[in-house]
Amino acid sequence: MKLDAISHRHRNTKIVATLGPASSDPAIIRQLFDAGVDVFRLNFSHGTHADHKLRFDAIRQIEADVGRPVGILMDLQGPKLRLGKIVDGKLSLASGQKLRLDLDPTPGDINRVPLLHPEIFAAIRAGDDLLIDDGKVRLRVLSCTAEHADVQALNAGVISDRKGVNVPGAILPMSALTTKDREDLAFGLSIGVDWIALSFVQRPEDIIELREIVGNRAWIMAKLEKPSAIDSLEAIVASSDGVMVARGDLGVELPPEEVPVLQKRIVRACREAGKPVIVATQMLESMITSPVPTRAEVSDVATAVYDGVDAVMLSAESASGAYPIEAVTMMDRILLSTERDPLQRVTMDAVHSRRKNDARDAISAAIRTVAETLPVAATVAYTSSGATTLRVAHERPRAPILSMTPVAAAARRLSLVWGVHSIQAADVESTEEIVMHATRAAKKYGFGAPGQALLIIAGTPFGVPGSTNLLRISWIGEEPDVS
C-alpha cells in the first residue's frame, strides 16, 4: 500500500456502499470510491464466491492505486425462515380464517401449509404472531405443539410458496450461522475481508460463536434486526467490534413508530460503549429508480449524522439501482452539509463514551482539554491493534484524526470509524520516530502547515495492543533528530 496518494475525506461520517449487479465493473467501483465510499459491503445473500472475488480484487486494486486503505465488509445471509410449497403456488386468506402450519412437506392447501422449521414451533406460544412476506399477512397463534401450530389470519391477504416468516419477540433455539454462512465465512476469511456482519443476532452467544471461528482475522459487526436482541443490547454491543442498525427487519417485526426510538437507543448504547455503529436500510431508497432522493430521506440521513453515528449505508441504491454513483454523491453532500451545521456538534456531544480508570481513557479524555486550550491541526494516533484510534475517535474530537499503523489489516478496519483518516505507516522503535513520522505525515497529507500543533497519542512498549500511555504535543515542521 503506497503512502503518497492518500485521499483525504473532509468529513467525519463514513459511507458504506453495497456492491451488486449495478456496481460490479471495476470502473464503476472506482467511481463509487471517488464519489465518497469509505467501505464496500459484499452481500453474501446474493452472488457467487466468484462474483465476490472479482469485486474484492477490484477494491484492493483501487486501494493500491490511491494509497488509501479501503475497508471491505462481508455480510452473512443468516437463517432464512420460509413457508414450504403450496398447491397452485399461492393461497388467499380471509381475515379471521384459520389454518394449520406443520412439519409435513406435502404442498399446502386451504387447511394447512408446511412450515419446515421445528425451531419455530419450539419457541412460539399461544398469543404470539407470525408475520408472512414482510408482514403483509399476520397470523395469530391459537395453539401449538412441537410439530404444528393452529393460527388465525388477522388480516386478508395472499401467502405463496417460499415466502419469508418472521417471529417477532421470540428467541429461536438456533444458531445465527447456517451451513451456507460457514462456507461463505471460510471463503471471506481466506481472501481477507476486514469486517464480518452477522445476521439474525439474538443474543451475545451468537457473537461469541462467530468469534471462536474468526479469532483476530477480522472485526465482527452485529446486525441488530431482531427485537429479541434488544433485551440483550448492552451485552451484544460489548461482545461485538461494531453494530449495524438493520432497520429493514426491525421495521417488519416492530410497529413502524418504534423503529426510530430503537435506532436512537442502539446508537446511544454504541456511542457510550465506544463501539462503531452503522445506520442502514432505505436511507436513500427512492434513488433506486430516481436520480434524486426525497426530502424525508435526506432528513433521515442527516438525523443519523446529528446523532454522531460512525457510518451510514447504501444497500440496493448502490447494488442494483439505476443511479449508484448519484446515490453516493448525494450521500456525501448530505454528510458534508450536516457536519457544517454548528448544531450538529452540540447534538452529537450530548452523548459521551463511558470511561474506565486506565491510562488510555485518561489520555483520550485529555484530548478535549488540550484542544480547547491549544488549537491543534490534528490528533495523530499511532496504533498496532486499532484500539488507540478507536478510543480517540469516540471522544469525537474537533480536529481530524490521523491514524497511523504498521498493520495493513488494522488500517483497513479503521476506515469505517468516525473521523479517522487511516494510513499504513512504518513500524517504530522510539518516541522520536513516532513524532517524526507523525509530523511528516500530517504535513504531507494536508492535515496542517508548518508551525501548527499536533496531538500525538501512542503506547509504550511499542507494538503492544492496549498499552496507550503517551500524549505528546508537537509541531509540524519541527522534527526530532533520529539519526
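Visitor: Which strands close into a barrel, and in what order?
Guide: In this predicted model, 8 strands close into a barrel in the order S1-S2-S3-S12-S13-S14-S15-S16, with parallel pairing. Strands (E, at least two residues) and helices (H or I, at least four) are DSSP runs numbered from the N terminus, and two strands pair if DSSP finds at least two bridges between them.

Visitor: What does the twist average from one strand to the next?
Guide: The twist averages 25 degrees from one strand to the next. Axes are lines fitted to C-alpha atoms, for helices over the stretch in contact, and angles run from 0 to 180 degrees between N-to-C directions.

Visitor: Which strands does H9 touch?
Guide: H9 packs on the sheet and touches strand S13 (219-224), strand S14 (242-246) and strand S15 (277-280). Contact means heavy atoms within 4.5 Å. The direction of H9 makes about 175 degrees with that of S14.

Visitor: How many bridges join S14 to S15?
Guide: S14 and S15 run parallel and are joined by 4 bridges. Ala 246 has Ala 280 in S15 as its bridge partner. On to strand S16 (residues 311-314), S15 has 2 bridges, again parallel, and Val 279 is partnered with Val 312 in S16.

Visitor: Are the faces of S15 covered or open?
Guide: Both faces are covered: Val 277 and Val 279 on one side, Ile 278 and Ala 280 on the other, are all buried. Buried means under 20% relative accessible area, exposed over 50%, and partly exposed in between (1.4 Å probe, protein chains only).

Visitor: And S1 with S2, how many bridges?
Guide: Strand S1 (residues 14-19) and strand S2 (residues 39-43) pair in the parallel sense over 4 bridges. Val 16 has Val 39 in S2 as its bridge partner.

Visitor: Switching to charges. How many salt bridges are there in the whole structure?
Guide: A search of the whole structure finds 27. A salt bridge is a side-chain nitrogen of Lys or Arg within 4 Å of a carboxyl oxygen of Asp or Glu.

Visitor: What does Arg 268 pair with?
Guide: Arg 268 forms a salt bridge with Glu 272, at 3.1 Å from N to O. The two are 4 residues apart in helix H9 (residues 259-273), so about one helical turn separates them. Arg 268 is partly exposed at 42%, and Glu 272 is partly exposed at 22%.

Visitor: Which residue does Asp 133 bridge to?
Guide: Asp 133 bridges to Lys 136, with the closest N and O atoms 3.8 Å apart. Asp 133 is buried at 16% relative accessible area, whereas Lys 136 is exposed at 53%.

Visitor: Glu 395 and Arg 391: buried or exposed?
Guide: Both are buried. They also form a salt bridge, the closest N and O atoms being 3.2 Å apart. Elsewhere, salt bridges that share partners join Arg 9, Arg 11, Asp 38, Arg 68 and Asp 332 into one network.

Visitor: How many disulfides?
Guide: The count is 0 disulfides, a disulfide being a pair of cysteine sulfur atoms within 2.5 Å.

Visitor: What is the mean pLDDT of the chain?
Guide: The mean is 92, and 96% of residues reach 70 or more. pLDDT is the predictor's confidence in each residue, from 0 to 100. Over residues 1-6 pLDDT stays under 50, and the model has 24 contacts beyond four places in sequence for that stretch.

Visitor: What are the ground rules?
Guide: Local features need pLDDT of at least 70 and side-chain atom pairs count only at pLDDT 80 or more, while totals for chains, interfaces and linings use all residues. Residues are numbered from 1 along each chain as its sequence is written, and side-chain values use heavy atoms, with hydrogens and water left out.
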